[in-house]
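Me: Please show me the entry, and then let me ask about its parts one by one.

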Amino acid sequence: MTLIDSHCHFDFEAFAADRHEVWQRCVALGMQAMIIPGISIPQWRSLFALVNAQTGWYGAVGVHPWWVAELAIEPAQLQRAIEERVARERAGNNRCVAVGECGLDANIDAPMDAQLAAFEAQLRAARSLDLPVIVHCVRAHNEVIRLLKSVRPPQGGVIHAFSGSRETADEYWKLGFYLGAGGTITYPRAAKTRATFTSVPLESLLLESDAPDMPHAGRQGERNSPEYLPAVAEILAGLRGISVDEIAAQATKNARALFNL
Ligand SMILES: [Zn+2]
């Protein structure tokens, strides 16, 4: 089996004690690469120190909606900060493969106008840098789709941890956005999202752990880990009536295409 974890917060403290042991187990399962998202400006430096030290690890530059409230700069400055950071990485090992993660989250207290401004600035950075975007969207599909249609980042991106209807999935796919499948579909109660992932084109799917978050069904309360990614491929294979290897191979191909790996 070949695997790419398209979304893993492997730089988080939860992996400080055993990061390289976990990675070795992932490699033994067939994992070829992992994308580690940016979440806040102060995190970018340590993130790229980490990805530059390990073959197969890639980073993205962005500000996650949960960290927008602590942003002390204007949207135009945020766009410039991202462009400067990416330029620095391009001049070095060139392991920056996306802008993000960025987006909108209606479940948090951060004011939506600040979230919208920060998201739009990051979409503009993706446009000027010609990079794909890693999008976090919680209960805000209409607003996210509206902004994607207005800014049109040319390399598209991924709606990470996608949850929603087939109709919404089709809107994203038409805009050049892949759908990230992760822990959510391990829960039988996620019937709508499971139905969507059963019928969308295989060419639109990425696999992701979102570790250490998004524990799978049966592992609630535990640290999620990229080494459990094959379980997501197995669920998808069962839903779609094809082999795990076929799912994993196509998702790997999709991730390579999107992130230009
Ligand atoms: Zn994330």
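Me: Which elements are included in what covers the buried residues of α6?
Reply: Helix α6 spans residues 166-174; helices (H or I, at least four residues) and strands (E, at least two) are DSSP runs, numbered from the N terminus. Its buried residues are T168, A169 and Y172, where buried means under 20% relative accessible area, exposed over 50% and partly exposed in between (1.4 Å probe, protein chains only). With contact taken as heavy atoms within 4.5 Å, the cover includes β5, α5 (141-151), β6 (157-159), β7 (177-181) and α7 (191-199).

Me: What kind of model is this, and which residues and atoms count?
Reply: Residues are numbered from 1 along each chain as its sequence is written, and side-chain values use heavy atoms, leaving out hydrogens and water. Local features need pLDDT of at least 70, side-chain atom pairs count only at pLDDT 80 or more, and totals for chains, interfaces and linings use all residues, since this is a predicted model.

Me: Which exposed residues does α6 carry on the face turned away from its buried side?
Reply: Seen down the axis of α6, the buried residues T168, A169 and Y172 fall within an arc of 100°, so they line one face of the helix. The arc is that of the directions from the helix axis to the C-beta atoms. The face turned away from that buried side carries E167 and K174.

Me: How far apart are the end C-alpha atoms of α8?
Reply: Helix α8 (residues 229-240) has 12 residues.

Me: What arc do the buried residues of α8 cover?
Reply: In α8, L229, P230, V232, A233, L236 and A237 are buried. They are on the same side of α8, because around the axis they cover an arc of only 155°.

Me: Which residues coordinate the zinc ion?
Reply: Donors are N, O and S atoms within 2.8 Å of the metal (3.2 Å for Na, K and Ca), and water is not among the atoms, so sites may look incomplete. Along the chain the donors follow the spacing H-x1-H-x91-E. At 2.0 to 2.1 Å, the zinc ion is coordinated by H7 (NE2), H9 (NE2) and E101 (OE).

Me: How many residues apart in sequence are the parts that H7 and E101 tie together?
Reply: H7 is buried at 1% relative accessibility, and E101 is buried at 0%. H7 lies in the loop between β1 (3-5) and α1 (19-29), while E101 lies in strand β4, so the separation of the parts they tie together, in residues, is 94.

Me: Over how many bridges do β4 and β5 pair?
Reply: Two strands pair if DSSP finds at least two bridges between them. Strand β4 (residues 96-105) has 10 of its 10 residues buried, and D105 has V138 in β5 as its bridge partner. The sense of the pairing between β4 and β5 (residues 133-138) is parallel, and the number of bridges is six.

Me: Is S40 buried or exposed?
Reply: S40 sits in the loop between β2 (31-36) and α2 (44-51). Not counting residues up to four places away in sequence, S40 touches G62, V63, W67 and E70. With a relative accessible area of 8%, S40 is buried.

Methods. Expected span 1.5 Å × (residues − 1).
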